[in-house]
Structures are given as structure tokens and as C-alpha cells.
Amino acid sequence: MKKFRKDKLELLAVIAFIFAAAFVFLLKSPLNFWIRGDAETDSSVYKTVAFMMSRGYMPYRDSFDHKGPLTYLVNLLGMQFDEYCGVWIIEFVTVFATFAGMYKIARLRCNKIFSCLCILICGSLLYDYFEGGNMVEEYAMPFIAVSLYIFLDYFLNRKIDRLRLAVCGGCLGAVFLLRPNMISVWIVFSIAVLVDCLIKKKNRDLLEFIIFFLIGFVIVTLPVVIWLAANGCFEAFVENYIRFNMIYSAAKGEGEKWNAYFYFINKTLIIFALLIMGYLCSIKYKFSAKDKLAIKDKFTIDAVLLYVTYLIYLLVTILLISMSGMPYAHYGMILVPAIAFPMAELFALTGLKNNGNATTLLIVLYMVGILAMPKWLTTAGDLLNKYADRAADHHSDIVKGVCELVEENTNENEKISIYGNGDIIYLVSNRLHATRYSYQFPIGEIAPDIMDEYFEELENELPPVVVIWQQQADERIESFLYENDYEEISDSSSYDIGKTRVFVLAE
């Protein structure tokens, strides 16, 4: 009875720790219900698509973007809680679930205390990658963490059942509906499971694995596909999400892609993770002169397969997030759950699982005291300031200034257009966008026909207000405004407006 009560209290303590860690970290989000600040550029786009959906429009067909449909459905769900900061609730659930998954992964190799330390250490990477949050990588993290746990528990403990298989397949389906270059965990580990089953001649088990994995995948993806098709935008989905992303990924050269690869690999914790897995791949076995695997001590072929697979998984993940050649920091968020297992293995290697020693102590102090805690303490230390300032309007002066002019010259039933990438204006002013393209850069540079379609729609719509966002003016938009008798109502020298210009259609 005492043991049961102790276990229950320890579980509650762990949940409270994960809850606190998720809450403290998400104070960084501008969508925090205390801050209510400006959503970042990409976040504003996703929220704008969801805003259009809340008014009866459809993604892809009526509002262009090239992320997966789950991105907009998540934002739409968040807006049901609160029009602006409700997405933060979804973010909190996402980060909490990710940290919980990382804890479970670490528990495969560590005790409870050091599994919590793994959360602090690995979670500190989010400070480098978050970029304002509400990103597809953020929503992919819990699905990756859950699937990693299922795969690892299979290889370490041979625990698997039909429900786990379906959940793993469903997680793949969810991430596929966010962005397909984040599915490395399922690619690499599914091949490892295939190899494992073939080596052990478990053909019947393999068939069951495939069937229930696919059932989970279909359960998640099919309703979304039906929803898109029923609303007449499946073709637009294929065009925007698949074809455009292929163009997007091919836009940069090989040199730029390798630069992006080394950008993501060049993090202390990532390097640690790679070295740990590389070390585990080498210390217990070797290849003989005849290239035959020789097992030493009690190291089994299962462990060999697991550690080699995990090392490949890390390298392939970095390769896939680098394939566009664009080193956007938020791409790296999917590496956060990936390094939980290597960190746990490091603690296990140094004897942390059973008893401490000087080496262990130095490693823990370095990981926690130098790599992790300074980032966490900076955010935690700002907690009281953010709470005290919770009633303030945290929108930037430029957003407030532009939205004031938009609201003075339009009503909520009229549509506007932002030339550039300033979707935050649609959200704060509560105005829909007049053309299919709420933003034009950088997508118009990657696919120039987008600019032709945008200006054609702009000519047909002639919205009452056009905003040129942050110095994005060029000859084409200037000509359109002049030929259609738009008048500038903004003072470009104003501190409030800066280099953003607002034009109204002359009566």
C-alpha cells in the first residue's frame, strides 16, 4: 500500500514537472494569453488560412499556402477557444505531450529523476528552434516522440501490440498531413523492423505489423482527404502541397543544401547525440576481415540493429530538413524528441542508472548547468514581469498603426490585400484577404506565375485597401495602384507605420 502511494505521488510529481516545464517554455510564444503579441510571419499565415476557414472558405482553393491541412485544422481548433491566443492552448498540449513522450523514452534507460533532467537538457534546444511557435514542426514533435517510444520499446523490450501499431501508423498519417519531409523516424525504423522480422523469420508477425500500421495511417488521413475532395479542393491541395513543395525543395543548389545540413548538425547537443550513438555502434562489436559481424560479450544483434538504426535515423532526419537548402531554425524542432534517447543512453553509460561517480557528476553538471539551465532560468525569471504586464497591448506600433487605418477605411465585410508577407494585419484588423494569395513573397519568387495570378485577381477584385508591407514595393504594384486610382493615406515617415504604406481606392 505504501509503495502504491509512493508511486502515485512520484507520478503526480513528474506530471507537475512536465506541466511546469511546458508552461515556462511557452512564455516565449507571442500567442501566450498574457502577451497577445504579434504572431510571427509563418504563424500569421496559418492563422489567416484558419481565419478564412472560419468564414466558410477552404485552404488551397481559396487561400494559398503549402503546408499540410492539419496545420490549418489545428489553428482553426485553437481559434474556437479564443480568436487570437487560443492556438496557445494547442501549443501547450503539444509541448506537454512532447515532453511526456521524451520522459517515457528516457525511462527506457534512466530512472525518474534523470529522465526529468533529459527533458530539461533536450528541451533547451527548443530555445534555438522555436521562432515564435505555431509551426508545423512543433505539432509534429509529439507524434514523433510517441512513435519513437513505440519503436524503441519494441527493440529493447519486445513490447508491441495491435493498438501500438495503429497508433504508430496514425502518428505517421498526422505528420504526413503537416509536412512530408518530417517522416524519417517511420522510414528508417520501419526498414529496421522489416530487417528484424526477416532475420528472425517472423513473416506472420510482419504481415500483422503492416496491416495494423496501415489501418492507423488510413484512419487519420482518409477523413481529411474526403473533406478536401468533398469541398472541391483536393486538386488544389495536390498542386499546393505536393507540386509546389517539390519546386520549393529544388529551388536551392547542392552547396546551399549542404550548408543547411551543417547548420543543423552544428549544435552541441546534436553532436553529443551523434557521438553517443556512434560510440554505441562501435564498442560492443566489430567487423572481421571477411566483413562478417562478430558479437562481443553479451551484446546482441538486436542492440546492434537498434543503435545503427538510430544513428542512421538522426543523420537522415537532418538530411531531410536540409533538403530545401533553407536553414530556417524552426526546421530543427523535430530533432528535440530525437535526442532524448541518446542523452538517456549517455547517463546509462556513465553509471547514472545505478550509482553516481565523478565522471557522471561532471557530465550532469555540464549538461544541466551549462547547456540547459541558463535558457530555462531566463524565461522563468521573466515570469513575474510578463504577468504584471499582461493587460498591455503587445502588438507592435507598425501593426497597430496599419490596422487603425484599415479599420477606418473599411468595414468587416470588406476584403483587403497585403502586398508582401504581413498576414498579421488580416488577423488584427479582422479583415479577409481579397485574392487567393494573402502573401506573395517568397512564393512568387519561387513560382513566378503566382504573381501573374495574384495581379489578375487583384484587378478583378479592386479591394478598397491595399497595404504594401515593409518595403515590398516594386514597379508592378506601383503601376497597379496608379492605374486604378489608389491614394496613399499613410505617412511613410511615421514611427507607427515605418516603411509600410497604406492605399485606399479613390471613390
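Select I187, I191, V195, I199 and I301 to see a nonpolar patch on the surface, with about 420 Å² of accessible area together; such a patch joins nonpolar side chains (Val, Leu, Ile, Met, Phe, Trp, Tyr) within 5 Å, from residues with over 30% relative accessible area and no salt bridge. Accessible areas come from the Shrake-Rupley method with a 1.4 Å probe, and a salt bridge is a side-chain nitrogen of Lys or Arg within 4 Å of a carboxyl oxygen of Asp or Glu. The model is predicted, with local features needing pLDDT of at least 70 and side-chain atom pairs pLDDT 80 or more, while totals for chains, interfaces and linings use all residues. Residues are numbered from 1 along each chain, and side-chain values use heavy atoms, without hydrogens or water.

Colour helix α9 (residues 184-199) next, which gives the most to the nonpolar patch, with four residues; helices here are DSSP runs of H or I, at least four residues long, numbered from the N terminus. I301 lies in helix α14 (residues 301-321) and is partly exposed at 39% relative accessibility, that is, between buried (under 20%) and exposed (over 50%).

Move on to helix α5 (residues 112-123), where 10 of the 12 residues are buried, so the helix is largely enclosed by the rest of the structure; among them are F114, L117 and I121.

Finally, select Q440, in the loop between α20 (424-429) and α21 (443-446), which is buried with a relative accessible area of 0%. Leaving aside neighbours within four places in sequence, Q440 is in contact (heavy atoms within 4.5 Å) with residues including I418, M451 and Y454.

Note on methods. Helices (H or I, at least four residues) and strands (E, at least two) are DSSP runs, numbered from the N terminus. Buried means under 20% relative accessible area, exposed over 50%, partly exposed in between (1.4 Å probe, protein chains only). Patches are made of residues with over 30% relative accessible area and no salt bridge: like charges are joined within 9 Å, nonpolar side chains (Val, Leu, Ile, Met, Phe, Trp, Tyr) within 5 Å.
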